[in-house]
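The sequence and structure are shown first.

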Amino acid sequence: MVDVGWPRAHGQYYYDDLASAFDIDANGTIYILCGWDVVVMDRKGNYLYQFPVSSFMGWIDNTNGTQFYYPHGLALSSDGYVVITSGSTAQKHEIIFIYPDGKLFMKMETPVKDMYDLTRDRNGSLYVTGAGTNVVHVYDASMTKEKDLPLNFNGTYSGNPASLAFLSDNGLAASANGIFVYYPNGSINAHFMDNNLSRNDASWNRPIAVNSTDWLVVVSGRQDAGKTPRPILLYEYAGGAVAGEPEEYDACGGILVGFGLIMALYFYARHF
């Protein structure tokens with residue numbers, strides 16, 4: 001375990017452009033993928049420790065030296081391992097299992113050659129998203145069964161989903177050009193704009209999540225070069241429709257402080 005001495009100002013935020021994914025274990029401990037490190041925080045957002053994953057990654061040599069690749073995606077397996085991918089490496093396409101203390105457990109080859117993200121559903125299955133494709137490769141919780149899950153974007157989008165989230169009925173929500181909601185069999189349940197923004201064949205790069213009451217939590221608006229803060233909107237989804245106007249979450253409010261802190265990680269805010 002390595003603490004590289006990040007600044008942790010009380011009551012302020014540490015911004016890091018490389019923070020890209022996180023997951024939460026049964027005790028509420030938060031694991032955040034940040035470049036070549038996994039940062040671990042307690043359920044209240046207090047920094048615990050971090051460990052590097054660069055030694056587990058692939059690389060290639062070129063005329064200018066060595067080119068390294070960032071891991072993409074982070075999930076916690078049903079048996080307690082921290083799981084990342086080797087990202088878009090040209091030579092190795094691996095899912096990497098790491099003990100919570102940062103030691104390597106194992107690597108597993110995967111047919112997904114350009115891995116964009118890795119997420120976990122409520123049953124412990126792992127979903128590997130490939131860059132530029134609507135087909136998600138799914139492993140069951142035991143990693144012994146796998147299948148391809150093609151997502152239908154209703155002819156309006158041809159890339160990969162930017163983010164996935166899972167509903168209590170085993171349905172799936174995906175962020176693409178708007179928000180898609182799918183039945184467990186993969187057929188479309190609904191497609192709606194978020195924050196009144198949507199455009200054909202253009203991903204708005206919205207991170208999404210689902211809370212304990214099946215509300216969709218969406219970091220809205222398209223990311224710009226200036227990294228303008230984006231609102232967090234809550235959508236009540238029920239009966240095949242979005243019910244009412246979205247609520248805008250107040251990140252400084254007290255109703256959902258814990259959940260808001262976690263979602264703040266999605267737009268690269270670190271609370272130390």
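Strands β3 and β4 run antiparallel and are joined by five bridges; two strands count as paired if DSSP finds at least two bridges between them. The model is predicted, with local features needing pLDDT of at least 70 and side-chain atom pairs counting only at pLDDT 80 or more, while totals for chains, interfaces and linings use all residues. Residues are numbered from 1 along each chain as its sequence is written, and side-chain values use heavy atoms, with hydrogens and water left out.

Strands (E, at least two residues) are DSSP runs numbered from the N terminus. On its other pairing, β3 meets β2 (residues 19–24) in the antiparallel sense, over five bridges.

| Hairpin | Residues between strands | Glycine with positive phi |
|---|---|---|
| β2 and β3 | five residues | G28, near 90 degrees |
| β3 and β4 | two residues | G35, near 65 degrees |

Within these pairings, I30 of β3 stands opposite I24, and L33 has V38 in β4 as its bridge partner.

Five of the five residues of β3 are buried, so the strand is largely enclosed by the rest of the structure. Buried means under 20% relative accessible area, with a 1.4 Å probe and protein chains only. I30, I32 and C34 cover one side, and Y31 and L33 the other.

V38 is also one of the residues with the most contacts inside the largest nonpolar core, together with L74 and I98; this core has 15 residues. A nonpolar core is a set of buried Ala, Val, Leu, Ile, Met, Phe, Trp, Tyr and Cys residues joined through side-chain atoms within 4.5 Å. Two or more residues of the core come from each of β3 (30–34), β4 (37–41), β8 (72–76), β9 (82–85) and β10 (94–98). Leaving aside residues up to four places away in sequence, V38 touches Y31, I32, L33, Y49, Q50, F51, V53 and L74, where contact means heavy atoms within 4.5 Å. A second, separate core has 14 residues, including Y127, V138, A174 and A176.

Y127 also lies among the residues nearest the centre of the second largest pocket, with D121, K147, N170 and P184; its lining has 21 residues. A pocket is an open set of points on a 1 Å grid where a 1.4 Å probe fits, with protein on both sides within 12 Å along at least five of seven lines, and lining residues have an atom within 4 Å of a point. The lining divides into nine nonpolar, six polar and six charged residues. β15 gives the most to it, with three residues.

Definitions and conventions
Buried < 20%, exposed > 50% of the residue type's maximum accessible area, 1.4 Å probe, protein only. Helix = DSSP H or I, 4+ residues; strand = E, 2+ residues; numbered from the N terminus. Nonpolar A, V, L, I, M, F, W, Y, C, P; charged D, E, K, R; others polar.
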